[in-house]
Amino acid sequence: MLSIPSTRDGIAHGLLAAALGVLAWSLSPALAVASDGHFRSHSLFQVVRDTTRAVRRGRETFRYDTFGDEAFWTDTLRLHEAIAGADLGGVGDGVDPLTALAVGLKVDVRKLPRSLRRALRRGDVDLTSPATTLALLQLDAVVGLRGTLNGDQLTSIGITCALCHSTVDDSLAPGIGRRLDGWANRDLNPGVIIALAPDLSAFTNLLGVDEATVKAVLNSWGPGKFDASLLLDGKAFRPDGGSAAVLIPPAFGLAGVNLHTWTGWGGISHWNAFVATLEMGGQGTLYDPRLNDFSRFPVAAANNFGNVRPEVDRVTPKLADLQMYQLALQAPGAPRNSFDRQAAERGKAVFSGSGDCARCHVPPLFTEPGWNLHTPVEMGIDAFQAERGPEDRYRTAPLRGLWTHTKGGFYHDGRFATLLDVIEHYDAHFDLALSGDQKNDLVEYLKSL
Ligand code: HEC
Ligand code: HEC
């Protein structure tokens, strides 16, 4: 009997001590700075708080920042005029929402007022009028596109990272839903969108070809593909005549992965500066002297793309937070019932065993810790795209979240239509002698990652 109150006292005492401990812990950064002005201690509280803030800012940048690339998409290409159409002060037919959805643009349902959502569900919205597209742009509801309107006139358009590296969950209708940041938009047809631009002289001048040729090249890319090297080396077609464009990869699941892009251009931050400046046309500093190689990158070298120094730098101040955001985006787990669990379990054993996949796709990163590149000969494929990068190699693709980007095929150019085709390639190239069952089990395992 007597021990009960004292136990209660003990618990109360313990709770008080714990509360004081948490308080002291949360105040500790301030205390550390106060007692020693020379360095900041990194308490876990402080690290988590700073990281959360950085990730939040990085998300804003990823979704909404154009880095001033309106200078390219509006002032140079005049793409805004093609979107508006002649009736609304632009040129041509304009881009109505049906066309926009058909070329893979996505609509963020969270930006739509409730009345508009209801009207959309009822089918009461005119999806054949460019004016509706402009209204969506005014609501900031088109994923990865930022439009500015003056009255009913679209005065500028710019693009963000989310254009290619986000999609939506189709919760309201196909192409209209909640954002899925980091997912590769394999419906998006960037080439067809750019080809709409009334002024393609930026391309004709850099490449030294006529407009019809530029349009033919852009229209050859196809959905889910973009050619980040076109304006560096001027190569538009593979030796076999196919388009030189590559698949848009996801921008999630990248933490722990050393080199990025299909051909291993660099780390996340290298590539972010590169893309924002050279691909999106944003105003940023970029230093990559590898681009001064006239034989490999004739267009880039002739135009000094390896050393870009604008007066105003809208990219560099964003890079740290942008990187934090991408590192924080985990690859989404495969939905239950989207694969055969038992077969996947068996496939896992093949992956690390007789399939020898784990030699390069080292779990749990599924790429090599270290220098994650391989020669075309090692991979048993042609060297065309590898030689358009700085390392003559292909990067071991991280495989987590593979199930989110099965559209458009596999490998950098989508040459293998299915996962089974990928496995058949390895089976032949590495003489694996896998049985039919083993191959099917491997497919189920890949679908589960
Ligand atoms: C027009 C479409 C497009 C836009 C806009 C775009 N990207 Fe990409 N991104 C690509 C393509 C295509 C690749 C593959 C390039 C290659 O390997 O040649 C890529 C590659 C990447 C990679 C490498 C992924 C990996 O698996 O290694 C990252 C990271 C990335 N982009 C982030 C970004 C960020 C951040 C932005 C905005 C600053 C951005 N991208 C804007 C199309 C785009
Ligand atoms: C020698 C290293 C190596 C081995 C062994 C290897 N891979 Fe790969 N894997 C790569 C590289 C490099 C790529 C990227 C190829 C490209 O981009 O063209 C890749 C790409 C892939 C892709 C396509 C990913 C995508 O996003 O398109 C899949 C799937 C894949 N590998 C599965 C496997 C399986 C299954 C095995 C075992 C049977 C295996 N790999 C063995 C290096 C390897």
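Helices, as I use the word, are DSSP runs of H or I of at least four residues, strands are runs of E of at least two, and both are numbered from the N terminus. By that rule, G281, which comes just after helix 13, takes a positive phi of about 80 degrees.

Good morning, colleagues. This is a predicted model, in which local features need pLDDT of at least 70 and side-chain atom pairs count only at pLDDT 80 or more, while totals for chains, interfaces and linings use all residues. Residues are numbered from 1 along each chain as its sequence is written, and chains are lettered from A and ligands numbered from 1 in the order in which they are written.

I begin with the chain as a whole. The protein chain holds 19 helices and 12 strands. Taken along the principal axes, its C-alpha atoms fill a box of roughly 95 × 65 × 55 Å. Of the 449 residues, 39% are buried; a residue is buried if 20 or more other C-beta atoms lie within 10 Å of its own, exposed if 12 or fewer, and partly exposed in between, with C-beta atoms placed from the backbone.

I turn to ligand 1. The shell around a ligand takes residues whose C-beta atom, placed from the backbone, lies within 6 Å of it. Around ligand 1 there are 25 residues, and C161, C164, H260, T261 and W262 come nearest. Helix 8 (162-165), helix 13 (268-279) and helix 15 (316-328) are the elements that give two or more residues to this shell. Helix 13 gives the most, with five residues. By class, the shell has 19 nonpolar, six polar and no charged residues. Here Ala, Val, Leu, Ile, Met, Phe, Trp, Tyr, Cys and Pro count as nonpolar, Asp, Glu, Lys and Arg as charged, and the others, Gly among them, as polar.

Helix 15 leads us to helix 2. The buried residues of helix 15, namely K318, L322, M324, Y325 and Q326, pack against helix 2 and helix 13. The axes of helix 2 and helix 15 come within 7 Å and cross at roughly 100 degrees, so helix 2 is roughly perpendicular to helix 15. Angles of 65 to 115 degrees count as roughly perpendicular. Helix 2 brings residues including T51, A54 and R57 to this contact, and helix 15 brings residues including K318, D321 and Y325. The contact residues divide into eight nonpolar, three polar and four charged.

One residue of helix 2 (residues 44-64) deserves mention: R53. Is R53 buried or exposed? R53 is exposed, because 12 other C-beta atoms lie within 10 Å. The C-alpha atoms of R53 and D321 are separated by 8.6 Å, although the two residues are 268 apart along the chain.

Finally, ligand 2. Its shell has 24 residues, of which C357, C360, F410, Y411 and H412 come nearest. Helix 17 (376-379), strand 12 (394-395), helix 18 (419-429) and helix 19 (436-448) each supply at least two residues, and helix 18 has the largest share, four residues. This shell divides into 15 nonpolar, five polar and four charged residues. Thank you.

Notes:
Axes fitted to C-alpha atoms, helices over the stretch in contact; angles between N-to-C directions. Parallel < 35°, antiparallel > 145°, perpendicular 65-115°, else oblique. Contact = placed C-beta atoms within 7 Å.
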